[in-house]
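User: Could you walk me through this model, taking the domains and then the helix packing? I would like the cut-offs spelled out as we go.

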Amino acid sequence: MKGILKLAASAIVLMATQASAEDLRVAVYTSSEPHLKLLNQLADKFKASHPDVNVRFETIPVADYTQKLSFQVAGGKAPDVAWMMEDAAPAFIEANILMDLTPVLQAFPDYDLADFTDPAMALWRKGDQVYGVPFSTSPFLIYYNKAMFDKAGLEDPKQLAEKGEWTMAKFQDVSKKLVAANPGKYAFEFKDGEGYASRMTHALLPPIRAYGGDLWEDGKCGMDSPAAVKAVQQIHDMVFKDKTIVPPGTQGDYFSGNSAMTVNQISRASKMAEAGFEWGVAPLPTGPNGEEGPVIGQAGFVVFDASPNKELAAELVAQMTDKEGVAALAQFFPPARRSVLSSDAFLNKNQYLSPQMMGFVADGIEKGRVVAAHEKVPQILAAMKPRVDALWRPDADVAKSLQGVCAAIQPLL
Amino acid sequence: MTNSLSHRSGAQARAPWLTLQRRDAIEGWLFVSPTLLGFLIFFLGPLIAIFIYAMSDWNFLSGEATFVGLANFEDALLANPDFWLVLRNSAVFALGLVPLNVALALFLAVALSRPFRGVIVFRTIFFAPVITSAIAWAIVWKFLLQGEGGPINQMLAMIGITGPNWLREPNWAMAAVIVTRVIKMVGLNMILYIAALQAIPRDYDEAAGLEGASRWQIFRLITWPLLGPTTLVIVILTTIGSFKVFDHIYQMTGGGPENGTLVLAFYIYQQGFQFFDIGYASALAIIMFVIVTILTLIQVSLRRKDDA
């Protein structure tokens, strides 16, 4: 009997302690083991100062991340903290469901909010309020398969970039030679092989910016501008005339050695470790007048206003994005803090990328502009999709197709 | 025996309200309550909710909702040109899929209804796609149907045919999703037909054969009419299924190219779960419900006319 009472008593104590411990749920879209290990290390640091707090990272697959997150919000089950992609941020900020982090960040010891670069913060600020802290400000880079360049006897993009010859024209020229020397393979694959579907804007944006244009700017569609038409015409020719870019409806995975180049960010470097071929990264090719048009993808930490522990959650975000936190995350997620960007640790001690490659990354962050964002991105993409499909026909009139794209999305901008 | 009798009468004296009839009723309700609760919570509840959603403009993220009456329906039927395109696509999909599926199912069932060596193996082969994951099915077909270097186009090239870029040309994409869907689902209807064929007494065939009827005559004049009720069920179910097709489209074409395979269920998903316009999506779902109901009623009444 005594034994039973004891057991019951200890059970009650256990339940009481469980109830007093705070659970912080952090939604992320990575399932990469090294990424999660790093995040848990940062959370452990937070737990050291908050022993009764549990931090749990919940992976939502990236393909429908924003959508599932939105459902959690609508269902009243929003996580406390979440990663948020640049294209989703405006809609969430406009819906007034994110917490203003300014007071917590300013009160956090040695945080130094001004250390974040202004372009990197633009997306997350509304007036004086800060609704998110970017942890990844990641420029698009060219990844290349060194062996395929060697086989064609070509200088690789990194060498060309060093000589200042890595231009859009050279990109086209090199691509033809690559395909000639590597039959059955392609010279270039769009980002993650999704350039004709979910990443259609990521396929179009780098060349358009290199030629001095943009997808849209200040509420005006820019895809029918002369610069954009020239850029897309070149890519279109490469797909259908030169046959050097993986065409629509065909798979040509860079990571399994079927394409010589692709565009991606440094978080993918962890995937290259298992690729089984010699590889490198280089900046995006420059435009006809030598303009650099780097493109930056961004993601930030946000805290949901509805969280019962939002103060605590904001503190966790502050801890993960203070100077030490950002320096640790910089292994995979390029920082937006000036102090970390110029640090020796960031530039010289990356596990996967050489100091020179990291130089390209830092350069890209400094000069780059975040990919075009908008409150209505899902609607814009859906309106664009059929027009962009029409653009990717072999016999398409590029200028006319791009006018069609602009006509479809202008009302939404 | 006496014991139990006296026990029962004693219980009745103490608790007269618990008559046998009541006890049966309580037990009955207890037995059906799990299903009933499930039905109320997961079926009737959402069904009612969807009518309420359809009459509101609901910002999913901020949680703000306003009553807008029938505006969502007006928007779909009168203002939005996409809606009619989507409806047309759904109709094309159904008109392509239903006859093909039913004809193929009947053909397979006739071939596989009589026992012969290996019949089980063949039935299993044709039924296996039904239980295969829809996503895996679509991914494999996407690979097979690649424009350049896809296995199907390579095979066509061997006999001198240049295959199209199946999933990137609107008309071919529609044909490709229809055919791959038929191959996936035909096994189910085949099983229904096999069951119906086996229920037809063989005496009829034999008698007709003795009277000198050809096999085609036996099929056309005896088997086919006797399969009528099964055909009706199959056509109704397949039509409903074809209007509800989503996963297949989502994975294979994403509604593209050029909206060529944007069908109703996928469009509802897009409005509701990508644009978070739950009110509009609910209105569309109700419209879809009405369309499917009307089609079903037409089929049933046609069948009645046939019988009469």
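User: What distance separates the centres of domain 1 of chain A and domain 2 of chain A?

Analyst: Taken over C-alpha atoms, the two centres are 29 Å apart, with domain bounds that come from an automatic or database domain assignment. That assignment gives chain A domain 1 as 19-139 + 297-370 and domain 2 as 141-293 + 376-412. Please keep in mind that this is a predicted model, in which local features need pLDDT of at least 70, side-chain atom pairs count only at pLDDT 80 or more, and totals for chains, interfaces and linings use all residues. Residues are numbered from 1 along each chain as its sequence is written, while chains are lettered from A and ligands numbered from 1 in the order in which they are written.

User: How many residues of those two domains are in contact?

Analyst: On the domain 1 side of chain A there are 17 residues in contact with 14 residues of domain 2 of chain A, where contact requires C-beta atoms, placed from the backbone, to lie within 7 Å. Helix 17 of chain A gives the most to the domain 1 side, with six residues; helices (H or I, at least four residues) and strands (E, at least two) are DSSP runs, numbered from the N terminus. By class, that side divides into 10 nonpolar, four polar and three charged residues. Here Ala, Val, Leu, Ile, Met, Phe, Trp, Tyr, Cys and Pro count as nonpolar, Asp, Glu, Lys and Arg as charged, and the others, Gly among them, as polar.

User: And which domains does chain B have?

Analyst: The assignment for chain B gives domain 1 (2-54) and domain 2 (72-307), and their C-alpha centres lie 42 Å apart. Four residues of domain 1 of chain B are in contact with seven residues of domain 2 of chain B, and those on the domain 1 side are four nonpolar, with no polar and no charged residues.

User: Where do the two chains touch, and which helix of chain B gives the most?

Analyst: Contacts between the chains involve 23 residues of chain B and 22 residues of chain A, and on the chain B side helix 13 (residues 264-274) gives the most, with three residues. That side has nine nonpolar, 11 polar and three charged residues.

User: Switching to helix 8 of chain B, where is the kink centred?

Analyst: The kink, of about 45 degrees, is centred on Met185(B), the bend at a residue being the angle between axes fitted to the seven residues ending there and the seven starting there. The end C-alpha atoms of helix 8 (residues 170-199) of chain B are 43 Å apart, which agrees with the 44 Å that its 30 residues should span at 1.5 Å a residue; the expected span is 1.5 Å times one less than the number of residues.

User: Which residues of helix 5 of chain B meet helix 8 of chain B?

Analyst: Phe126(B), Phe127(B), Pro129(B) and Val130(B) do so, and among the residues they meet in helix 8 of chain B is Met185(B), where the kink is centred. The axes of helix 5 (residues 119-131) and helix 8 of chain B come within 7 Å and cross at roughly 120 degrees. Such axes are lines fitted to C-alpha atoms, for helices over the stretch in contact, and angles run from 0 to 180 degrees between N-to-C directions.
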